[in-house]
Amino acid sequence: TPADMKLLSTADVFIINGGGIESFMEDIAKQYPDLVIIEACEGIELLCETDAHGHEHLEDTGDSDTHDNDDSHADHDHDENAHAWMSVENYRKQVENIASGLAKESPNLRESFLANAGSYDRKLEALQVEQESLLTLTQGKEVIMFHCAYDYVAEDLGLEVAFCMDLDEERQVSAGEVAEVLEVIEHHNVKYIFAEALYGTNMCEMVQKEADVKVVYLDPLNRGEYEANSYIEGMRNNLKLIGEVFR
């Protein structure tokens with residue numbers, strides 16, 4: 001918005017997720033050529049958005065100021081799945097990228113940035129251990145997803161994605177699509193669905209009327225109050241829900 005652009009005129013550094021999720025970056029890079037942009041996804045091997053029958057990978061995200069795509073699930077000009085933070089390992093790398101970028105731009109605060117990042121990373125390391133403890137329950141099992149962000153959760157937990165359909169406020173699910181999901185459940189004997197409660201509840205309830213599946217409503221961690229430990233608490237709760245359903 002114009003107000004956002006005005007706010008950026010006062011900034012020294014702009015931290016972005018990257019992976020094409022910020023549709024406005026081309027305009028910002030042109031209007032503020034001296035603005036330092038730190039891309040959290042830099043160097044992270046992003047998954048590709050596919051038809052959910054297997055994963056593809058991209059080597060890295062490239063330069064942050066060349067992306068002109070948005071986070072709309074309806075129309076992507078590229079295949080990058082930018083929801084890297086849904087992998088705890090990737091999120092740790094994002095924290096490292098941000099801290100390193102800030103330390104480079106403010107050398108006088110370098111030690112503080114790196115020390116704080118190290119302290120936070122120790123918490124994330126413990127969270128990753130919690131996640132890895134679920135592998136004995138999840139490894140090799142098939143799942144249906146109604147949000148592409150969960151592709152990273154599936155990857156970390158060794159799950160096989162049998163089908164993926166992104167649901168949001170603009171998506172109207174047809175009877176044919178419901179039938180397709182039910183066909184996949186029957187053909188692959190899928191027992192689990194990952195969905196976002198905000199947009200996936202109706203779809204999941206329709207499917208559960210016709211099939212014996214368990215639904216795990218996961219938080220995609222893309223909204224909220226953004227308190228200091230909100231990521232850790234949100235992801236820990238996601239892992240708790242997964243563990244309860246898969247046990």
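Q: Which residues have the most contacts inside the largest nonpolar core?

A: In this predicted model, they are Met86, Leu124, Phe194, Tyr231, Met235, Ile242 and Phe246, in a core of 41 residues. Helices α3 (88–105), α4 (110–132), α6 (150–156) and α9 (230–246) each supply at least two residues of this core, and so do strands β3 (142–145) and β5 (192–195). The most comes from α9, with seven residues.

Q: What makes Val143 and Phe246 count as contacts of Phe194?

A: Contact means heavy atoms within 4.5 Å. Setting aside residues up to four places away in sequence, Phe194 touches Val143, Ile144, Met145, Phe146, Tyr150, Val153, Leu159, Val216, Leu218, Ile242 and Phe246. Apart from the 41-residue core lies another core, of 19 residues, with Ile144, Val190, Ala195 and Cys204 among them.

Q: Why is α3 called roughly antiparallel to α4?

A: The two helices pack at an angle of about 180°, and their axes are 9 Å apart. Angles over 145 degrees count as roughly antiparallel, so α3 and α4 get that label.

Q: Which residues of α3 make the contact with α4, and what kinds of residue are in it?

A: From α3 come Val88, Glu89, Tyr91, Arg92, Val95, Ala99, Leu102 and Ala103. The α4 side includes Phe113, Leu114, Tyr120, Leu124 and Leu127. Sorted by type, the residues of the contact are twelve nonpolar, two polar and five charged.

Q: Which residues of α3 are buried, and what do they pack against?

A: Val88, Asn90, Tyr91, Gln94, Val95, Asn97, Ala99, Gly101, Leu102 and Ala103 are buried. The buried residues of α3 pack against β1 (13–16), β2 (36–39), α4, α6 and α9.

Q: Why does Gly158 count as buried?

A: Buried means under 20% relative accessible area. Gly158 has 16% relative accessibility, so it counts as buried. Its place is in the loop between α6 and β4 (160–164). Leaving out neighbours within four places in sequence, Gly158 is in contact with Leu135, Thr138, Gln139, Gly140 and Lys141. Gly158 and Glu142 are 16 residues apart in sequence, with their C-alpha atoms 9.3 Å apart in space.

Q: How many of the protein's residues count as buried, as a percentage?

A: That's 45% of the 247 residues. The secondary structure comes to nine helices and six strands.

Definitions and conventions
Residues are numbered from 1 along each chain as its sequence is written. This is a predicted model: local features need pLDDT of at least 70, side-chain atom pairs count only at pLDDT 80 or more; totals for chains, interfaces and linings use all residues. Side-chain values use heavy atoms; hydrogens and water are left out. A nonpolar core is a set of buried Ala, Val, Leu, Ile, Met, Phe, Trp, Tyr and Cys residues joined through side-chain atoms within 4.5 Å. Buried means under 20% relative accessible area, exposed over 50%, partly exposed in between (1.4 Å probe, protein chains only). Helices (H or I, at least four residues) and strands (E, at least two) are DSSP runs, numbered from the N terminus. Axes are lines fitted to C-alpha atoms, for helices over the stretch in contact, and angles run from 0 to 180 degrees between N-to-C directions. Angles under 35 degrees count as roughly parallel, over 145 as roughly antiparallel, 65 to 115 as roughly perpendicular and the rest as oblique. Ala, Val, Leu, Ile, Met, Phe, Trp, Tyr, Cys and Pro count as nonpolar, Asp, Glu, Lys and Arg as charged, and the others, Gly among them, as polar.
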